[in-house]
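User: I am new to this structure and would like a guided tour. Could you take me through it step by step?

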Amino acid sequence: MFKYLKQLTSLVAMVAVLFTFTTESMAAKKSKTLKNTQKKGFVRCGVSQGLPGFSNADAAGNWTGIDVDVCRAVAAAVLGDANKVKFTPLSAKERFTALTSGEIDILSRNTTWTLSRDADIGLTFVGVNFYDGQGFMVRKSSGITSTSQFKDGISACTNIGTTTELNMRDFFNSKGIKYEPVAFEKADEVVAAYDAGRCDTYTTDKSGLAAQRTKMSNPDEHIVLPETVSKEPLGPVVRQGDSVWEDIVRWSLNTMIEAEEYGITSANADMMKTSDNPAIKRLVGAEGELGAAFGLDNDWSLRIIKQVGNYGESYKRNIADTGILPDRGPNELWTKGGILYVPPAR
Amino acid sequence: MNFKLKDIVPQLITVTAVVLVFGFFTYNAQINMENRGIDFGYGFLSQESSFDVQFSLIEYDGSHSYFRAYLVGLLNTILVSVIGIIIATILGVIVGVARLSPNYLINKFAAFYVEFFRNIPLLLQIFFWYFAALRALPLPQDAEAIFGVFFLTIKGLYVPAFIWQNFSVFFYSIVAAIIAIVVIRIHAKRVQENQGKQIPVFLISIGLIFILPLLSFLIGGVGISFEVPVLKQLATTSFIYEGGVSLPPELIALTLSLSLYTATFIAECVRAGIQGVGKGQKEAAASIGLTPNQVLKLVIMPQALRIIIPPTTNQYLNLTKNSSLAAAIAYPDLVLVFAGTALMQTGKAIEIVSITMFTYLTLSISISLLMNWYNKKIAIQEK
């Protein structure tokens with residue numbers, strides 16, 4: 001009896017030691033998140049519960065939007081197929097916990113990059129895929145055309161767990177206006193309550209206002225006021241502590257933006273391999289070894305451009321053509337008067 | 001010796017298993033938080049919250065601390081639970097008795113109410129009252145005054161505020177009335193035990209509670225005036241009422257749905273309790289000459305209550321816990337304010353969720369203890 005026990009113990013110990021060694025060496029080479037993603041065969045991506053233009057599911061369950069495209073780009077780079085993404089719809093309240101607890105690997109959910117979020121809660125923002133700002137929506141019939149016409153007693157509908165709640169207080173306090181905040185957990189309920197007349201104004205990021213306006217019973221009855229009361233740089237987020245994964249997500253986004261800068265589109269990407277411009281050749285994988293840095297093959301960026309398209313294509317498809325925000329405003333390339341400017345891929 | 005070991009060993013194993021499981025979870029959480037660079041600590045409670053809350057029983061705005069925000073949420077939860085429990089109890093008792101009524105219409109109506117409301121998920125009912133019923137309410141500018149001073153609108157119920165003069169005198173008059181009633185009750189009991197005479201305690205009590213405060217108005221210098229809500233224009237089509245007290249529609253919808261839902265269960269407890277008292281009890285009481293009122297008050301109810309109280313306690317606990325569904329319709333309860341906004345702004349998930357859980361646990365245990373005490377009081381006392 002004892003003899004067997006001894007043998008069994010040594011066997012278990014040996015297996016354990018072997019296991020530790022193999023995992024150790026692999027983890028050293030690759031990122032844990034990357035390894036898990038490749039093993040699972042899909043990218044786990046947290047998105048909104050439905051914000052047209054950013055992340056929205058149609059009746060058949062297909063997700064579209066510029067936030068969705070970031071995850072698709074990562075899937076194209078890492079797994080070779082932009083459709084290998086599992087989307088998890090999250091409320092504003094759940095999103096960070098879902099990411100830090102490891103339920104998702106990328107949070108691409110119109111999330112504002114702020115100091116406290118970046119520093120405090122174990123998250124890392126990898127970039128900005130939409131420059132936004134908080135605004136206010138009112139009924140046209142109210143005759144309000146500017147936030148300067150707001151008066152004491154105004155009620156404002158919004159979401160909980162967002163920077164909106166904090167900005168709203170800053171804004172009304174600085175104007176000395178007494179207001180009634182009505183904060184809901186889900187965006188759909190905010191829209192329903194505002195639409196019913198519970199609130200005089202609905203406040204959130206301007207892109208969100210433009211998108212939600214399309215859901216109102218009569219969109220033409222509402223206008224978004226011209227004032228922007230805050231900076232809201234929205235971008236994808238990853239867990240802190242996996243710098244390789246962080247780099248992959250960051251450069252997947254940057255690739256889309258830089259591809260637009262150099263005029264590479266999903267249609268002409270293959271032809272660009274013979275371009276004279278080395279920067280273009282690097283982006284389509286015809287020159288250099290850019291993928292090796294994060295353990296990917298050299299066609300990773302070509303796949304992103306071919307399968308998802310460049311940033312301009314994504315914007316046009318999701319936001320401009322759907323009538324949400326036809327004008328790109330600050331989200332135009334720096335070469336065309338906007339502020340989209342990414343470090344060079346080299 | 002062997003016998004004792006057999007007793008102890010399973011318990012020891014259970015305790016060890018529980019400790020190990022908890023230890024594992026704590027250790028796991030610690031390691032994970034360390035890996036992800038998340039600090040653990042309750043220091044954030046004293047930081048400035050920097051968000052506002054729609055409805056608060058205590059003075060609060062964003063310049064107060066997170067702890068203050070916690071208190072705001074807690075008090076709002078208690079408010080909606082207490083109002084809900086009171087309404088649900090009154091409604092539940094009425095419906096429960098109505099279900100036993102020999103009147104066909106009343107009986108069937110009560111049965112229909114119970115079956116209808118207890119079989120629809122509570123969250124749906126909350127949404128119904130908030131979104132469907134709310135949409136039907138008029139905008140402030142279109143609202144018709146009820147009794148000239150109440151305004152029920154989509155933005156809430158506006159009621160006149162009382163403005164008191166010498167409120168303390170009025171308050172003391174009520175305290176005096178209550179003390180007088182207690183003294184009279186004790187006296188009446190003694191008189192009945194010693195001399196067998198009955199004093200109409202109920203009538204005297206009613207008289208006292210009205211006459212003493214009335215006297216305070218007539219000779220105590222107490223005055224009261226009303227501040228009636230007045231319509232105020234914010235923009236061409238946007239209005240509110242100013243002055244008076246405004247009850248947010250979220251509070252109304254939540255209280256309504258919670259009490260209507262829970263009342264069905266309480267009604268069933270009441271019906272079961274009354275039916276649980278033997279028919280012979282009623283007949284025996286009647287045969288010794290008690291009036292029907294006395295039969296109900298002295299014989300049926302004391303026995304029925306013993307059956308009613310324990311399951312009703314469960315319903316009170318359910319109502320309190322269900323009030324956390326408030327978050328869906330923007331009523332700023334503990335879950336919305338603290339486990340919602342505060343959690344999001346600080347990212348202190350473990351701390352805040354544990355505080356919230358502990359708070360609900362404390363609330364529930366308090367209700368349990370109170371009801372158990374009452375249950376013990378009315379239980380059969382063998383002499």
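Predicted model: local features only at pLDDT ≥ 70, side-chain atom pairs only at ≥ 80, totals over all residues.

User: What secondary structure does chain A have?

Analyst: Chain A contains 12 helices and 14 strands. Its C-alpha atoms fill a box of roughly 85 × 65 × 40 Å along the principal axes. Of its 346 residues, 50% are buried.

User: Which domains does the assignment give for chain A?

Analyst: Domain 1 is made of residues 33-131 + 234-336, and domain 2 covers 134-230. The C-alpha centres of these two domains of chain A are 29 Å apart.

User: How many residues are in contact between domain 1 and domain 2 of chain A?

Analyst: In chain A, 14 residues of domain 1 are in contact with 14 residues of domain 2. On the domain 1 side, the touching residues comprise 7 nonpolar, 6 polar and 1 charged.

User: Now the sheets. What is the strand order in the open sheet of 5 strands in chain A?

Analyst: The order is S10-S9-S11-S8-S12 in chain A, and the pairing is mixed. S10 (179-184) and S12 of chain A are the edge strands; each has a single partner strand, so one side of each has no neighbour in the sheet. From one strand to the next, the twist averages 25 degrees.

User: How many bridges join S9(A) to S10(A)?

Analyst: Strand S9 (residues 154-159) of chain A is joined to S10(A) by 6 bridges, and the two run parallel. Within this pairing, Cys157(A) has Val182(A) of S10(A) as its bridge partner.

User: And S11(A), is it buried or exposed?

Analyst: S11(A) is largely enclosed by the rest of the structure, because 5 of its 5 residues are buried. S8(A) is joined to S11(A) by 5 bridges, and these strands run antiparallel. S9(A) pairs with S11(A) in the parallel sense, over 2 bridges.

User: Which residue of S11(A) is the bridge partner of Val138(A)?

Analyst: That partner is Thr201(A). Thr201(A) is also the bridge partner of Ala156(A).

User: Which strands does helix H6 of chain A lie across?

Analyst: Helix H6 (residues 163-175) of chain A lies across S8, S9, S10 and S11 of chain A, and runs at about 155 degrees to S9(A). H7(A) lies across S9, S10 and S11 of chain A, also at about 155 degrees to S9(A).

User: What about H8(A), is it covered or exposed?

Analyst: Helix H8 (residues 206-213) of chain A is mostly covered, with 8 of its 8 residues buried. Among them are Lys206(A), Leu209(A) and Arg213(A).

User: What do the buried residues of H8(A) pack against?

Analyst: They pack against strands S7 (130-132), S8 (134-139), S11 (201-205) and S12 (222-224), and against helix H7 (187-196), of chain A.

User: Let us change topic. How many residues of chain B are in contact with chain A?

Analyst: There are 35 residues of chain B in contact with 38 residues of chain A. The elements of chain B that each give two or more residues to its touching side are helix H4 (122-136), strand S6 (230-235), strand S7 (238-242) and helix H10 (334-346). H10(B) gives the most, with 5 residues. By class, this side of chain B has 18 nonpolar, 11 polar and 6 charged residues.

User: What does chain B look like on its own?

Analyst: Chain B has 11 helices and 8 strands. Its C-alpha trace spans about 85 × 80 × 45 Å along the principal axes. The radius of gyration of chain B is 27 Å, whereas a compact globule of 383 residues would have one near 21 Å. Buried residues account for 30% of the 383 residues of chain B.

User: One last residue. Where is Tyr331(B) found?

Analyst: Tyr331(B) is in the loop between helix H9 (292-322) and H10 of chain B.

User: Why does Tyr331(B) count as buried?

Analyst: Tyr331(B) is buried because 30 other C-beta atoms lie within 10 Å, and the cut-off is 20 or more. Leaving aside neighbours within four places in sequence, its contacts include Val80(B), Glu250(B) and Leu336(B). The C-alpha atoms of Tyr331(B) and Val72(B) are separated by 12 Å, although these residues are 259 residues apart along the chain.

Definitions and conventions: Residues numbered from 1 in each chain as written. Chains lettered and ligands numbered in written order. Helix = DSSP H or I, 4+ residues; strand = E, 2+ residues; numbered from the N terminus. Buried ≥ 20, exposed ≤ 12 C-beta atoms within 10 Å, placed from the backbone. Domains from an automatic or database assignment. Contact = placed C-beta atoms within 7 Å. Nonpolar A, V, L, I, M, F, W, Y, C, P; charged D, E, K, R; others polar. Pairing = 2+ DSSP bridges. Axes fitted to C-alpha atoms, helices over the stretch in contact; angles between N-to-C directions. Rg over C-alpha atoms; globule rule 2.2 N^0.38 Å.
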